[in-house]
Amino acid sequence: MSNNTGGPAFPAHHFDLAEGEHGMTLRDWFAGKAMQGMLANPKLQEQILKAGQSWIEESAWAVADAMLKAREQE
């Protein structure tokens, strides 16, 4: 698991929020979107069924980490 969370996905700096109350991280957001895309792809349905839940979770986090790494290189 990556330590880079990308910070808050939807920063709201104008609100008076306590430390750690900033909602989901950008990494969470990227992983959710990646998982959504994989589950909607009919070409991956069979692979997902064969490999089970851990495959899709690991794949979604890997995509999220790759997206964060690409953002660092900009």
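## Helix α1

Helix α1 is made up of 15 residues, and the distance from its first C-alpha to its last is 21 Å, close to the 21 Å expected at 1.5 Å a residue. This description, like everything that follows, concerns a predicted model.

The buried residues of α1 are Leu 26, Arg 27, Phe 30, Ala 31, Ala 34 and Met 38. When the helix is viewed down its axis, these buried residues fall within an arc of 135°, so they line one face of α1. The cover over the buried residues of α1 includes α2 and α3.

## Helix α3

Helix α3 has 20 residues, which at 1.5 Å a residue should span 28 Å, and the 29 Å between its end C-alpha atoms agrees with that expectation. Its buried residues are Ile 56, Ser 59, Ala 60, Ala 64 and Leu 68, and they pack against α1 and α2.

One of these buried residues, Ala 64, touches Arg 27, Phe 30 and Ala 31 when residues up to four places away in sequence are not counted.

In soluble globular proteins, nonpolar side chains tend to be buried together. In this model the largest nonpolar core has 11 residues, namely Leu 26, Phe 30, Ala 31, Ala 34, Met 38, Leu 44, Ile 48, Ile 56, Ala 60, Ala 64 and Leu 68. The elements that contribute two or more residues to this core are α1 (26-40), α2 (42-51) and α3 (53-72), and the largest share, 5 residues, comes from α1.

## A salt bridge between helices

Side chains of opposite charge can pair when their charged atoms come close. A search of the whole structure finds 2 salt bridges, and one of them joins Asp 65 to Arg 27, with the closest N and O atoms 2.5 Å apart. Because Asp 65 lies in helix α3 and Arg 27 in helix α1, the pair ties together parts that are 38 residues apart in sequence.

The surroundings of the two partners can be described in turn. Arg 27 has a relative accessibility of 4% and therefore counts as buried, whereas Asp 65 is partly exposed, with a relative accessible area of 24%. The side chains of Arg 27 and Asp 65 also make a polar contact, again at 2.5 Å.

Another salt bridge is formed where the side chains of Lys 50 and Glu 46 meet, at 3.1 Å from N to O. Both Lys 50 and Glu 46 lie in helix α2, where they are 4 residues apart, about one turn of the helix.

Lys 50 is exposed, with a relative accessible area of 68%, and Glu 46 is likewise exposed, with a relative accessible area of 52%.

## Trp 61 and its neighbours

Trp 61 lies in helix α3 and is partly exposed, with a relative accessible area of 33%. Leaving aside neighbours within four places in sequence, Trp 61 is in contact with Arg 27, Asp 28 and Ala 31.

Notes:
Residues are numbered from 1 along each chain as its sequence is written. This is a predicted model: local features need pLDDT of at least 70, side-chain atom pairs count only at pLDDT 80 or more; totals for chains, interfaces and linings use all residues. Side-chain values use heavy atoms; hydrogens and water are left out. A nonpolar core is a set of buried Ala, Val, Leu, Ile, Met, Phe, Trp, Tyr and Cys residues joined through side-chain atoms within 4.5 Å. Buried means under 20% relative accessible area, exposed over 50%, partly exposed in between (1.4 Å probe, protein chains only). Contact means heavy atoms within 4.5 Å. The expected span of a helix is 1.5 Å times one less than its number of residues. The arc is that of the directions from the helix axis to the C-beta atoms. A salt bridge is a side-chain nitrogen of Lys or Arg within 4 Å of a carboxyl oxygen of Asp or Glu. A polar contact is a pair of N or O atoms within 3.5 Å; within protein, one must be able to donate a hydrogen and the other to accept it, and residues adjacent in sequence count only if both atoms are side-chain atoms.
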